Amino acid sequence: MKNYIQPGNEIAWTNEDVTGAVDVASGDGVVAGSLFGVANGDIAVGDEGTLSLIGVYELPKVSAQAWTFGQRIYFVAASGECTSTAGSNKLIGVAVEAADNPSATGKVRLSSAFTI
């Protein structure tokens with residue numbers, strides 16, 4: 001196919017130099033428009049880096065929550081944590097392992113779909 005570009009598992013992303021922008025560390029979750037990805041490396045404000053859109057990642061979670069296998073997981077952009085609470089948070093995937101209350105991290109399989 002002449003119009004094929006790439007598999008789309010990873011996407012180049014520029015950390016825009018806008019008000020409120022912050023440096024992103026390797027492994028941080030990033031909401032970019034309607035996409036959610038995990039930074040493959042450090043991405044300073046104004047720089048371009050790569051976000052992984054699929055896979056299983058150990059991500060920071062709301063410590064006071066317990067997760068069950070297969071539970072929907074959302075991302076709280078303001079805190080950089082994952083949660084099982086929908087609200088205005090972005091759906092990013094499902095838990096692939098139970099996580100205790102309290103615990104600082106949980107394992108999430110990214111949905112690779114657009115966030116809602």
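These legends describe close-up views of a predicted model. Local features need pLDDT of at least 70, side-chain atom pairs count only at pLDDT 80 or more, and totals for chains, interfaces and linings use all residues. Residues are numbered from 1 along each chain as its sequence is written, and side-chain values use heavy atoms, with hydrogens and water left out.

**View 1. Four aspartates form a negative patch on the surface.** The members are Asp 23, Asp 28, Asp 42 and Asp 47. Patch residues have over 30% relative accessible area and no salt bridge; like charges are joined within 9 Å, and nonpolar side chains (Val, Leu, Ile, Met, Phe, Trp, Tyr) within 5 Å. Asp and Glu count as negative, Lys and Arg as positive; His and the chain ends are not counted. Each charge is placed at NZ of Lys, CZ of Arg, CG of Asp or CD of Glu. Areas come from the Shrake-Rupley method with a 1.4 Å probe, and for residues only the protein chains shown count as cover.

**View 2. Asp 42 and Asp 47 sit in the loop between strand 3 and strand 4.** Strand 3 covers 35-39 and strand 4 covers 48-52. Strands (E, at least two residues) and helices (H or I, at least four) are DSSP runs, numbered from the N terminus. Asp 42 has a relative accessible area of 65%, so Asp 42 is exposed. Asp 47 is partly exposed because its relative accessibility is 40%. The cut-offs are under 20% relative accessible area for buried and over 50% for exposed, with partly exposed in between (1.4 Å probe, protein chains only). Asp 47 and Phe 75 are 28 residues apart along the chain, and their C-alpha atoms are separated by 23 Å.

**View 3. Ser 52 makes a side-chain contact with Asn 40.** Ser 52 belongs to strand 4. Its relative accessibility is 5%, so Ser 52 counts as buried. The polar contact between the two side chains spans 2.7 Å. A polar contact is a pair of N or O atoms within 3.5 Å; within protein, one must be able to donate a hydrogen and the other to accept it, and residues adjacent in sequence count only if both atoms are side-chain atoms.

**View 4. Glu 97 and Lys 107 form a salt bridge.** Their closest N and O atoms are 3.5 Å apart. The pair links distant parts of the chain, 10 residues apart: Glu 97 lies in the loop between strand 8 and strand 9 (105-110), and Lys 107 in strand 9. A salt bridge needs a side-chain nitrogen of Lys or Arg within 4 Å of a carboxyl oxygen of Asp or Glu. The count by this rule is one. Side chains of opposite charge can pair when their charged atoms come close. Glu 97 is partly exposed, at 39% relative accessibility. Lys 107 is partly exposed too, at 32%.

**View 5. Lys 61 is buried without a salt bridge.** This lysine is in the loop between strand 5 (55-60) and strand 6 (72-76). The nearest side chain of opposite charge is Asp 100, 8.2 Å away. The Lys 61 side chain reaches the backbone oxygen of Gln 65 at 2.6 Å. Trp 67 is in the loop between strand 5 and strand 6. Trp 67 is buried, at 2% relative accessible area. From Trp 67 to Val 94 is 9.6 Å, C-alpha to C-alpha, across 27 residues in sequence.

**View 6. A cis peptide bond joins Asn 101 and Pro 102.** Omega is about 0°. Pro 102 lies in the loop between strand 8 and strand 9. Ala 99 is found in the loop between strand 8 and strand 9. With a relative accessible area of 7%, Ala 99 is buried. Ala 99 and Asp 28 are 71 residues apart along the chain, with C-alpha atoms separated by 19 Å.

**View 7. Lys 90 lies in strand 8.** The strand comprises residues 90-95. Lys 90 is partly exposed, at 27% relative accessible area. Lys 90 and Phe 36 are 54 residues apart in sequence but 8.3 Å apart in space, C-alpha to C-alpha.
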